Amino acid sequence: MGRPPLRSVLRRVAAGVVVLWVAATTAYLALLAAPGDTVDTLIGDGVDTPQIRADIIAEWGLDRPAVVQYLDYLWRLVHGDLGRSYLLQRPVAEVIGEQLAPTLILSVAAATLGVLLALIIAVVTAGDRRPWLRRLSSGTELLLVSTPSFLIGLVLLSVLSFRFGLFPVAGGADLRALVLPTITLALPIAGLLAQVLRDGVDRALDEPFVLTARSRGLTERVVLARHALRHALLPAVTLAGWLFGTLLGGAVIIEQVFGRPGLGQVTLNAVTSKDMPVVLAVVTLSAAVYVVVNTAADLVSLVIDPRLRRS
Amino acid sequence: MLARRLSALAIPILLLAAGCSTTATTAPAGAAGQPRSGGTLTWAIETEPLTLNPHQYAQAKARLLVWNSFESLLTYDDQGALVPWLATGWQASADGLTYTLTLRDGVTFTDGTPFDAEAVKANFDKLREQGYAPGVAAVQLRNLKGVEVVDPRTVRLVLTAPDVLILDFLASPQGAQVSPKSLREAANLKAGGLDVVGTGPFILDRYVPGQELHYKRNPAYDWAPPTADHTGPAHLDGITYRFLKESAVRIGALTSGQVQLVEGVPATDVPLIDGNPQLRLIRELNSGSAFSYYFNVSRPPFDDLRVRQAFREAVDVPTLLTSVYRDTATRAWSLVSPASPFYDKRLEASYGGDAAKANSLLDQAGWTQRDAEGYRVKDGSRLTVRLFQSAPFVRDRRDVLAQAVQAAVKQSAGIDLKVSLVDQGTAQEAFDNNSYEVFENSRADTDAGAALNLLLHSGGGINRIQVNDPGIDKLLEQGQASADLAERARIYAELQQLVVAEQALVLPLYAPADQIAASTTVGGVRFEPTAGVPASAYDLWIGK
């Protein structure tokens with residue numbers, strides 16, 4: 001029983017690299033299969049003559065077979081060269097690098113707020129203590145999960161920014177400018193996580209170990225926080241991957257509404273304009289983060305649940 | 001002397017009265033008082049430019065940024081005539097093959113490089129370099145043979161064929177003068193940035209992609225064009241352009257005082273501005289070509305003149321424009337914008353909106369049967385025409401307008417207009433396969449002749465409807481070769497009669513316009529003469 005830990009880590013890393021490669025390749029094939037090509041993108045709705053087409057093809061080496069372009073891309077990727085954006089005419093590493101920080105800050109802030117809210121809501125409304133509060137909370141959560149974040153953002157802006165002037169509509173550096181986007185992004189996350197957590201807490205409260213805990217004379221608060229909640233965290237932690245997807249997807253909308261810099265708009269523009277080097281870089285980066293997040297989630301599960309450590 | 005001087009006021013006033021219907025270029029003085037120096041403003045704009053290098057310019061929505069830090073050799077006044085800017089004058093040889101430009105003295109790029117004939121030559125040479133600006137090299141500079149430095153203050157452009165549009169190029173963003181040092185050393189020349197500089201009244205000193213651009217005043221600036229409201233350095237210390245794509249957010253930011261100016265005000269938000277005494281709204285028609293549907297004549301059913309005419313008669317344009325844009329849109333009668341000196345006013349009220357005529361034309365053309373859904377049928381096939389809209393380029397609610405046209409032609413004439421909102425690749429595929437019947441387009445060229453060349457010449461770069469008519473080609477070539485504006489106006493009027501009235505190749509819908517909403521404390525809010533897009537920040541100032 002029990003593999004050497006080094007081998008297990010190596011296996012994990014190797015699996016991660018495979019995931020990255022599959023992600024990049026799938027994205028490449030998807031863009032290749034989509035109608036139109038890079039030349040169409042660069043010409044857009046502008047002037048289109050054979051001479052212009054020939055110039056663009058020559059500039060980007062698009063006359064090479066797709067396989068050669070793909071292998072060339074992989075080769076450069078391995079050497080840390082992400083290439084140049086067709087559309088923005090700048091190195092992809094630069095395009096993504098300068099947008100990484102704002103996205104990261106927003107994601108971390110929103111995830112933190114979302115998880116905190118969910119924890120509080122779950123603990124306060126779990127069990128049968130306050131049925132009216134539970135109903136109210138559960139209805140609100142459903143509403144938040146089902147409302148497009150576009151709408152949440154506009155409503156928050158209209159009230160808190162345009163009417164009362166509490167927060168600025170846009171701006172990256174100012175901390176006040178972070179508040180509304182964070183809330184907008186965090187609310188749907190809080191809504192869904194709260195449902196999952198409360199469900200878990202409810203089920204845990206019916207378990208025999210809670211009865212044991214209560215019989216040891218522990219207060220209800222300690223039973224909830226130390227035992228039931230811990231039990232309920234497991235299914236919530238497995239949602240980490242979903243959380244990451246929500247953050248990235250939500251960022252597209254949030255950045256558009258709030259005029260924020262970030263990876264969301266970069267991704268959207270790159271996909272709609274078939275800016276292959278940027279799309280591939282974003283997909284690879286997302287896959288990397290996804291692998292890291294899921295690995296972290298597995299580790300956290302080990303911490304939360306001692307039973308997993310033995311298997 | 002072989003060369004002759006082009007008059008700066010070459011367009012007869014009569015022609016303007018007949019052809020021009022632009023509104024006043026400068027907003028009324030309002031509450032702002034007298035111009036004064038100092039302060040900073042924030043302007044919320046809809047579009048983040050894809051590039052900050054003017055040579056690579058392709059977005060009319062980014063034009064207001066270009067002239068902050070870059071300038072061209074010539075510019076247009078509000079009469080549509082060319083006037084000096086970085087060039088003090090120009091002479092064309094009698095054969096139209098040589099243009100000699102004299103350059104302004106004492107101008108420096110903001111990196112300290114002097115502006116002289118060598119700099120102008122460096123710009124042209126760069127523009128014609130393989131892979132740098134393929135669109136410019138293949139269209140605007142198609143007839144340019146070479147550029148000669150006569151002396152430090154004089155350059156000569158030598159052409160292979162007479163091409164008066166070279167002057168339009170000299171007044172365009174792509175013809176803006178970039179410091180030769182930037183051309184040599186910039187890290188990402190085609191993307192532009194802080195290290196790609198010009199001679200303008202402002203200096204770009206901050207770019208946060210996805211968020212904003214900031215310009216600071218160029219204190220050494222002293223070469224404003226004659227079209228500006230003042231001379232010397234700009235009034236403002238600096239200006240921030242913030243990218244806010246959502247119109248509701250732009251308007252909210254304006255009404256709550258977080259920004260002082262916005263551009264791009266949709267019809268639905270106009271009442272919000274009009275109802276607020278602290279704000280005012282001005283609008284101006286763009287130059288170039290009107291937003292129009294072009295009929296693909298290379299395949300049925302639009303190879304038949306009667307079907308083209310019928311489609312046009314089946315649409316009651318004013319009703320559609322009112323339902324989609326309330327009363328903010330200006331109807332177009334020609335594919336040339338009513339703001340252009342080449343606009344042919346005779347086309348007004350000469351066609352359209354007659355459903356009975358549409359039906360009788362279709363009957364004559366043999367589309368006499370109707371199927372179960374009410375569409376016309378001939379030889380067992382339905383009268384279907386397809387319009388592909390490329391989603392990334394749809395603006396001004398043109399998708400909604402297309403639906404309105406679709407309903408109108410179905411109801412009044414039994415024509416089946418299939419509208420597909422697709423990605424650029426799919427639209428391109430339809431063009432490549434010639435599997436479309438309607439093509440929609442508007443262009444913002446300052447010289448409408450440039451747009452007409454692209455759209456209607458048999459070898460034109462946007463001739464999507466595959467017009468191949470020697471008569472049209474000849475008129476276009478004459479219009480490009482003639483240096484006399486009155487003569488050009490006559491040629492383009494004849495062309496419009498041919499294309500719009502006789503051949504019904506096009507259904508003009510509306511004249512694109514730009515709007516600026518601004519706080520009444522901001523003075524000098526204006527549009528760029530002729531182009532009709534928001535002007536640079538040079539004349540802006542903050543009142544009390």
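Visitor: Is A:Tyr86 buried or exposed?
Guide: This is a predicted model, in which local features need pLDDT of at least 70 and side-chain atom pairs count only at pLDDT 80 or more, while totals for chains, interfaces and linings use all residues. Residues are numbered from 1 along each chain as its sequence is written, chains are lettered from A and ligands numbered from 1 in the order in which they are written, and side-chain values use heavy atoms, with hydrogens and water left out. Buried means under 20% relative accessible area, exposed over 50%, and partly exposed in between, with a 1.4 Å probe and protein chains only. Since A:Tyr86 has 10% relative accessibility, A:Tyr86 counts as buried.

Visitor: How many aromatic pairs does the structure hold over all chains?
Guide: Rings of Phe, Tyr and Trp (its six-membered ring) pair if their centres lie within 6.5 Å, and planes under 30 degrees apart count as stacked, over 60 as edge-to-face and the rest as tilted. Over all chains, the number of such pairs is 21.

Visitor: Which residue forms an aromatic pair with A:Trp60?
Guide: A:Trp60 is itself buried, with a relative accessible area of 14%. The pair is edge-to-face, with 4.7 Å centre to centre and 80 degrees between the planes, and the partner is A:Tyr86.

Visitor: Which residue lies over the face of B:Tyr351?
Guide: A charge sits over a ring if NZ of Lys or CZ of Arg is within 6 Å of the ring centre and within 35 degrees of the ring normal. At 3.9 Å from the ring centre of B:Tyr351 lies B:Arg312.

Visitor: How many residues has the largest nonpolar core?
Guide: A nonpolar core is a set of buried Ala, Val, Leu, Ile, Met, Phe, Trp, Tyr and Cys residues joined through side-chain atoms within 4.5 Å. In the largest one, B:Leu73, B:Ile239, B:Tyr241 and B:Leu540 have the most contacts inside it, and the number of residues is 76.

Visitor: Which helix of chain B gives the most to this core?
Guide: The contribution is five residues, and it comes from helix 3 (residues 117-127).

Technical notes
Helices (H or I, at least four residues) and strands (E, at least two) are DSSP runs, numbered from the N terminus.
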